[in-house]
Amino acid sequence: FSAHTGGLLRERELPARQAAFDRAAWRAGRGLAPRARVLSLFCYEPPALAALLRQLADADEPVHLLVTAGRATAAVRATGMVSGGALTLHELPLLSQRAYDELLWACDLNFVRGEDSLVRGLLAGLPLVWQTYPQHDAAHHAKLLAFLDWLQPPPELRDFFLAWNGLRD
């Protein structure tokens, strides 16, 4: 992420694929309300998930949360939350890398996890929140703090990243 690192690897055709992507058609093809906020959720088991879902349900405008298969779906189900209020939950099937890229491009905000989806989220060029891969020695905390130091987000966003990763209430 600096002049002293090797940068990010990507496929040669990725920028052309992204430029040709029709976000409105993708959303319409999935029945998503045109004026709704659309978020993707690819996560482990973030401590702040239930609070986030409650806030999204209480939003002033419709929110579609596209939940990836596996741990994200299990984590949402474990909260006991269902679609209601402003929030509509959509459980997705397993996605190929190409389909995951399109999901990222179609959303207003992407919750990503681990290093690979962080890279894909950064390459998408859209707002994201990163959940680090939890490690038994807490090395993931140092990774997150280094990323936040590089990103230099506003204090509220930094606090959100820390809460999402269980480093702050």
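**View 1. An open sheet of five strands, in the order S3-S2-S1-S4-S5**. The pairing here is parallel; strands (E, at least two residues) and helices (H or I, at least four residues) are DSSP runs, numbered from the N terminus, and two strands pair if DSSP finds at least two bridges between them. Strand S3 (87-91) and strand S5 (128-131) are the edge strands, each pairing on one side only. From one strand to the next, the twist averages 15°. Angles run from 0 to 180 degrees between N-to-C directions, with axes fitted to C-alpha atoms, for helices over the stretch in contact. This is a predicted model, where local features need pLDDT of at least 70, side-chain atom pairs count only at pLDDT 80 or more, and totals for chains, interfaces and linings use all residues. Residues are numbered from 1 along each chain as its sequence is written, and side-chain values use heavy atoms, leaving out hydrogens and water.

**View 2. Strands S1 and S4 side by side, running parallel**. Look for the three bridges that join S1 (residues 37-41) to S4 (residues 109-113). Leucine 39 stands opposite leucine 109 in S4.

**View 3. Two helices on the sheet.** Helix H5 (residues 97-106) lies across S1, strand S2 (63-67) and S4, at about 140° to S4. Helix H6 (residues 114-124) touches S4 and S5 (contact means heavy atoms within 4.5 Å), and its direction makes about 170° with that of S5.

**View 4. Helix H8 (residues 155-164) and its buried residues**. Phe161, Leu162, Ala163 and Trp164 are buried, meaning under 20% relative accessible area with a 1.4 Å probe, protein chains only. These residues pack against S1, helix H3 (49-57), S4, S5 and helix H7 (139-151). Just after H8, glycine 166 takes a positive phi of about 80°.

Definitions and conventions
Buried means under 20% relative accessible area, exposed over 50%, partly exposed in between (1.4 Å probe, protein chains only).
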